[in-house]
Amino acid sequence: VSTAGPDQGAPDTTYQWRASEPLAPGASYHLSLASDLRDTDGAPLAAGVTVDLKVPALPAVVRVRPASGSANVALNQAVSVRFTQAMERTSTQAAIHISAYKSPATQGRFSWAEGDTVLIWTPRANYGYGSRYTVTVGGSAHSAAGQPLAADPAATVATATFTTVHRVAAKPRPVDKPKPTR
C-alpha cells in the first residue's frame with residue numbers, strides 16, 4: 001500500500017491511497033487511519049476514522065438463448081445473453097459473434113433489457129432453414145463498472161449452438177382421376 005499527498009501543511013490536504021497490487025474482485029477491505037493523525041490546523045482527527053469497501057465481482061454469463069443444443073428454432077428467433085451484472089454496451093456488443101454473420105451489428109439489431117444485464121440480438125433477415133448457428137461471447141466485454149468479462153480478452157467465455165427448423169414440404173394432394181366414360 002502506498003499513499004501520496006501534497007506537501008505537509010498545505011491547506012485542504014488530500015491523500016490518495018493506492019494498492020500496490022490489484023484488488024481482488026468480490027473482496028472486501030477495511031481501512032482505518034491511525035488515531036494520532038492531525039488535520040492541517042493541528043486538531044486531532046475524529047477517533048475511529050475507517051473506510052469499508054467492496055470491490056465489484058467480475059461479471060459472468062448466466063445463460064445464452066436459444067440454449068445450446070436447441071433444435072427447430074424459429075427462423076427469426078432473437079438471441080439473448082444474460083449477465084450477472086450490468087454490462088457496458090459497446091464492448092459487450094462487439095464481443096458477440098454469431099456464425100454465418102460477419103457483422104452482427106449490421107446484420108441484426110442489438111437491444112438491452114433488465115438494467116443492461118440482458119443483451120438481445122435480433123436478425124434483420126430470417127436464418128436459413130435447417131441451418132446450424134453458434135453464438136460466441138468473447139472475453140473483451142466489460143461490465144458497466146469496468147470489470148472485464150475474462151482476464152484474456154481473446155478468450156471465449158460462452159458458446160451455444162442451435163439449429164433452425166427444417167423446411168417442410170407440403171404433402172402432395174391426391175389428384176382426382178377422371179372417371180372412364182362408356
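Let's start at alanine 100, in the loop between strand 8 (96-98) and helix 2 (104-107). Helices (H or I, at least four residues) and strands (E, at least two) are DSSP runs, numbered from the N terminus. Bear in mind that this is a predicted model: local features need pLDDT of at least 70, side-chain atom pairs count only at pLDDT 80 or more, and totals for chains, interfaces and linings use all residues. Residues are numbered from 1 along each chain as its sequence is written, and side-chain values use heavy atoms, with hydrogens and water left out.

Back to the backbone. Most residues other than glycine have a negative phi, and most peptide bonds are trans. Alanine 100 has a positive phi of about 80° and is not a glycine. Buried or exposed? Alanine 100 counts as exposed, because its relative accessibility is 68%; the cut-offs are under 20% relative accessible area for buried, over 50% for exposed and partly exposed in between (1.4 Å probe, protein chains only).

Next, glutamate 114. This residue sits in the loop between strand 9 (108-113) and strand 10 (118-123). Glutamate 114 is exposed, at 52% relative accessible area.

Now the peptide bonds. Which bond is cis? The one joining arginine 65 and proline 66, with omega about 0°. Proline 66 belongs to the loop between strand 5 (61-65) and strand 6 (70-73).

Take valine 64. Leaving out residues up to four places away in sequence, valine 64 touches Ser80, Val81, Val135, Val137, Ala158 and Ala160. Contact here means heavy atoms within 4.5 Å.

Serine 91 is in helix 1 (residues 89-94). At 16% relative accessibility, serine 91 counts as buried. With the sequence exclusion of up to four places, serine 91 touches Ser140, Ala141 and His142.

Last, the surface. Where is leucine 33? In the loop between strand 3 (28-32) and strand 4 (50-54). Leucine 33 is partly exposed, with a relative accessible area of 47%.

That's the tour. Discussion, please.
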